[in-house]
Amino acid sequence: MGLQKSEIMLVLAAAAITLLSFVIPDWLAFTTTLAIASALVVLGVVLLMRAGLVSFGQGLYYCIGGYAVGMGGRFLGINDALLLIAMGVVVTVALAMLLGLLLTRYREIFFAMLTLAFSMILYGILVKSQNLGSTDGFGVSDWTLLWFDPDGGKGSKTVLWLATAVGLVVALFLNRYFGSAIGLACEAIRENEVRVEYMGMSRRQILYINYVIAAAIGSIGGSLTSLAAGHVDPTMAYWTISGEFVFIALLGGTGHVAASFIAAMIFIMVRTYAVELFPNSWQMILGIVLLLIILFLPKGIWSLFTRRRRVGS
Amino acid sequence: MGHITPQAGLRRKLLSTATSIALVSAGAMGISQATHAADTFKVGLVTFLSGGASGPFGVPAAQAAETVIKAINAGELPAPYDSAGVNGLQLESVVIDEAGGPTKQVEEYRNLVQRQNVNAVIGYISSGDCLAVGPVAEEMETFTIAFDCGTPRLFEEVENPTYLFRTGLDAVADNVGAAHYLNDAKADAERLAGIQQNYAWGQDSWLDFTLAMEQLMPDMEIVDNQTPQIFQGNYGTEISALQTSRPDIIHSSMWGGDMEAFVAQASVRGLLDQATAILTTGESGLHRFKDQAPNGTILGGRGPFGGFMPDNDLSAWFSKAYEADHGTPPSYPASKMAQALLGLKYAADNSGAEGIPTSEQLAATLKGASFESVSGTVDMGLAGGHQALQPMLYGEYHYSADTGPELRNVRAYKGECVSPPDGKDAQEWIKAGFPGADCN
Amino acid sequence: MLTVWAILIDGLIYASWLFLVAAGLTVIYGVMRILNMAHGSLYALGAYAAASALGWYYNGVGDQLWIALAIITVCAVAIGALAGLIMERGVLRLMYGRDEVLMLIVTFAMLLILEDVMKLIWGTTPYFAYQPYAAMGRFNIGVLTVSGYQLMVVGVSVAVGLALWFWLERTRVGKILRSIIHDREVSEAMGVNVRRMFTITFMIGAALGAIAGGVTAPIISVVPGVGVEVIVVAFAVVVTGGLGSITGAAIGALIVGLARAVSIHTMPELELFIVYAVMATVLIFRPHGLFGQAVARKI
């Protein structure tokens with residue numbers, strides 16, 4: 001079972017980023033880390049999109065991942081980065097298994113609205129919690145990575161390596177997943193659910209598994225973001241952040257795992273430059289870019305780089 | 001459904017080429033760093049240019065920066081700031097929108113310092129942003145002045161700061177001052193209610209205020225506190241709930257459009273005939289309330305800013321220049337930005353540096369310093385010399401169609417009266433009865 | 001007892017405002033199957049247009065209340081219909097036939113664009129056209145007071161609801177719309193010009209959203225961002241009541257309005273969740289909302 005061609009490219013890309021990290025300026029390392037972390041959450045959205053569901057509430061798990069890192073460090077005294085990420089995943093999976101039972105009954109708009117509702121409920125709970133700083137949030141304490149102490153934890157290079165490594169593992173896993181029986185069944189569900197059921201597969205089970213996996217990687221993305229930024233706050237659960245993830249998912253398309261990473265990087269760069277060059281109208285620029293993408297590249301940027309021969313029907 | 005037609009294929013080729021070029025050039029642009037000449041001092045200004053906080057706070061601050069920087073570069077400020085530029089260097093500014101949340105602001109701060117190569121950063125209205133950026137400022141060793149954010153936790157999160165300063169006051173000072181004013185001016189009030197926006201600022205303000213009131217006016221009965229969502233705008237139900245509790249005093253830390261809407265609605269519903277409102281950020285509405293706020297409404301300006309500025313050369317110049325440029329007298333956020341810029345000029349001029357002062361030189365100069373500002377003398381006396389210590393003022397709003405708005409019965413409370421001494425936790429200090437406070 | 005009265009009155013007032021905001025949204029969804037995220041921006045457009053028109057009027061032209069109210073209506077309807085026309089013809093038309101959720105994202109993009117367009121046109125200073133609100137005074141009911149303006153809003157909301165109902169049930173155009181709601185393809189096969197109907201519907205929905213904003217403008221201070229705040233609660237009402245159903249929107253608005261009033265008067269801490277909790281609860285028992293229709297799926 002060798003690596004496919006695209007998987008080799010992923011590994012090479014990860015290696016390239018790691019090597020480049022020694023020479024690129026600090027702010028670019030930070031931006032790349034944020035892009036990788038966002039891409040992980042976006043992959044969760046893509047996972048659900050392939051099954052025909054759009055989630056406007058991935059912010060819920062993104063926020064849980066972030067707060068797990070923050071609270072683990074501040075209240076439980078845990079300092080190891082991997083352990084903190086694992087904590088976030090555990091809490092997230094527990095919650096997702098519960099919510100998934102409810103949410104997989106719904107489709108389309110209702111699914112989107114319910115996921116939005118739950119992430120806003122978490123937002124409300126956090127805003128109410130004065131000892132967690134309410135809307136101010138709180139800072140992430142210094143962290144270590146296994147035996148390695150990256151100078152108080154805010155060192156950009158270490159978190160970039162961590163993000164790259166984690167990102168690579170997740171990307172490879174998802175690439176296999178997309179090609180597996182379950183992954184292909186997802187696309188079938190998007191096309192026609194009832195037929196899938198007739199073929200003997202339980203669509204609820206498939207959607208449920210999808211939902212839990214999407215939640216888990218969303219949480220990892222949130223943990224990485226807070227490790228890099230050094231701060232957590234309830235905005236992470238606000239619906240507009242989830243909207244951004246959906247935006248990026250559309251930008252990249254559902255074609256390949258790499259698309260999400262590229263799209264996340266493009267989005268962050270476009271946004272930074274829009275803010276810098278048009279401080280008074282950057283939202284408009286983003287909206288226009290999004291519209292253009294939807295109009296001209298409905299399958300996302302990835303469709304520019306693949307060429308699928310379609311067989312005559 | 002066969003192969004792609006030639007036109008479609010050409011279009012795809014064009015699009016993919018264009019995208020690739022765009023990506024590569026974006027990457028190249030990204031790697032390159034903005035340069036700036038060695039005879040200018042570049043300052044990053046971060047304030048709200050979009051969203052609900054832009055109208056009352058962000059844009060007035062940005063406008064004040066424009067006016068003051070222009071004057072600094074031309075050497076038009078009154079003494080002791082009459083030299084042109086900062087330390088002889090022309091002041092150049094880069095303005096960044098504070099919207100987007102703390103994580104985004106951390107990213108933008110890093111971009112300002114490393115990509116735009118600014119020599120200093122002034123900004124931050126939102127407490128969340130201050131708390132997130134503070135540690136990063138220390139990490140990146142860049143001189144940073146927080147000019148407006150009101151969280152009392154800033155120097156708890158950033159212990160032993162070197163590069164981070166705050167030239168404004170925090171919510172503790174606002175609310176302890178409010179309690180003192182009520183104690184002096186409304187001693188016979190019995191029932192107290194509040195309405196705060198439901199987020200950190202509102203929650204902290206109400207907590208600090210009620211703790212202070214328990215010390216100063218223990219007989220007051222707290223009958224209600226409403227916590228509408230921020231930017232809710234429509235307070236019909238909250239006003240009804242307040243009316244049923246029949247308060248004498250209503251405390252509010254609401255700001256901007258929410259504050260104005262609440263005042264108008266409460267006024268029309270008659271709530272403000274029954275109760276007197278005390279608005280901790282009310283000064284930003286001084287020139288906007290007209291007859292909507294009843295006479296006698298108590299306003300605060302988070303210190304000696306805006307309408308509470310004392311009479312001195314700097315404030316006189318600033319009021320005139322700001323009004324000439326922007327058509328309205330400056331409100332407190334504008335004054336606070338002016339103060340931060342004056343602090344920067346003070347630090348640069350007195351740093352003893354040749355050419356561009358380093359962040360270390362600026363920080364060493366400003367630490368524990370006293371400098372002249374539109375608000376009088378600013379004493380950087382708290383948090384080891386990094387936090388300003390200034391008096392807190394409140395006054396009554398009066399309006400007539402002929403004479404316009406004015407503030408009467410203004411009382412000032414010394415900095416040492418409303419802020420805890422260095423190193424003491426604010427809530428503990430209040431609960432213990434303000435030990436060490438000097439209120440005379 | 002006083003609290004109960006207060007809750008009922010407040011709930012009714014808030015519900016009427018919710019209905020005004022949600023009506024346009026649900027009409028558009030019912031006919032076109034588009035959940036318009038830019039509905040909040042249309043609300044904001046109406047509010048800004050009304051506020052600036054009132055500012056101009058009260059700044060020397062006159063101070064008659066009824067003229068002011070007329071100005072609000074005319075400005076809001078005009079700008080809503082115009083914006084709706086531009087949005088529908090310019091953008092949405094290119095996207096028909098695509099996935100429903102893709103349309104949602106398109107409207108999200110339009111929301112982003114409109115937010116900045118409004119900022120560019122009207123700036124960031126809050127607009128405060130309180131004069132009509134102040135002029136209508138208040139009525140005392142015991143120790144409670146109700147503002148005259150808010151009562152008028154209740155009246156407007158009821159009128160709009162009745163007008164919509166009448167239009168959909170009794171007029172020819174309304175019946176055509178209902179046939180499109182039922183089955184678009186068959187309607188087209190029967191000769192209905194569905195595209196033109198879509199344009200008309202979108203313009204009406206947009207105008208409704210703008211009216212809601214215009215009517216609210218004298219109560220609030222219009223600042224950038226008023227639109228975004230309104231969207232989520234409008235969605236919750238529409239989804240609770242059943243997408244596409246006017247009756248559903250009305251009942252949904254009543255439920256949410258009363259629930260919120262109860263929460264504020266008795267348990268203020270829950271206020272932040274109550275809207276979402278109500279929506280989630282309704283959806284658990286009635287997955288398509290209260291009056292939503294289960295759509296038959298083709299196999």
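The legends below describe close-up views of a predicted model.

Residues are numbered from 1 along each chain as its sequence is written, and chains are lettered from A and ligands numbered from 1 in the order in which they are written. Local features need pLDDT of at least 70, side-chain atom pairs count only at pLDDT 80 or more, totals for chains, interfaces and linings use all residues, and side-chain values use heavy atoms, with hydrogens and water left out.

**View 1. A salt bridge between E187(A) and R50(A).**
The closest N and O atoms of E187(A) and R50(A) are 3.5 Å apart. A salt bridge is defined here as a side-chain nitrogen of Lys or Arg within 4 Å of a carboxyl oxygen of Asp or Glu. The pair links distant parts of the chain, 137 residues apart: E187(A) belongs to helix α7 (residues 181–191) of chain A, and R50(A) to helix α2 (residues 26–50) of chain A. Helices (H or I, at least four residues) and strands (E, at least two) are DSSP runs, numbered from the N terminus. R50(A) is buried, at 4% relative accessibility, and E187(A) is partly exposed, at 28%. Buried means under 20% relative accessible area, exposed over 50%, and partly exposed in between (1.4 Å probe, protein chains only).

**View 2. A salt bridge within chain B, R408(B) with E406(B).**
The two side chains meet with a distance of 2.8 Å from N to O. R408(B) is partly exposed, with a relative accessible area of 40%. E406(B) is also partly exposed, at 34%. Elsewhere, salt bridges that share partners join R50(A), E187(A), R190(A) and E191(A) into one network. Over all chains, the count comes to 23 salt bridges.

**View 3. A salt bridge that joins two chains, D273(B) with R138(C).**
The closest N and O atoms of D273(B) and R138(C) are 3.3 Å apart. D273(B) lies in helix α10 (residues 271–274) of chain B and R138(C) in strand β1 (residues 138–141) of chain C, so the pair joins two chains. D273(B) is exposed, with a relative accessible area of 56%, whereas R138(C) is partly exposed, at 34%.

**View 4. The interface of chain B and chain C.**
Here 39 residues of chain B are in contact (heavy atoms within 4.5 Å) with 33 residues of chain C. The two chains bury about 3,000 Å² between them, 55% of it on carbon and sulfur atoms; buried area is the accessible area (1.4 Å probe) that two parts lose on being put together, summed over both. Across this interface the rule finds two salt bridges. On the side of chain B that touches chain C, the elements giving two or more residues are α2 (54–74), α8 (236–245) and α9 (256–269) of chain B. Of these, α9(B) gives the most, with eight residues. The residues of this side divide into nine nonpolar, 22 polar and eight charged. Ala, Val, Leu, Ile, Met, Phe, Trp, Tyr, Cys and Pro count as nonpolar, Asp, Glu, Lys and Arg as charged, and the others, Gly among them, as polar.

**View 5. A353(B) in a loop of chain B.**
A353(B) lies in the loop between α12 (332–349) and α13 (359–366) of chain B. This residue is buried, with a relative accessible area of 11%. Leaving aside neighbours within four places in sequence, A353(B) is in contact with N87(B) and Q361(B). A353(B) and E372(B) are 19 residues apart in sequence and 21 Å apart in space, C-alpha to C-alpha.
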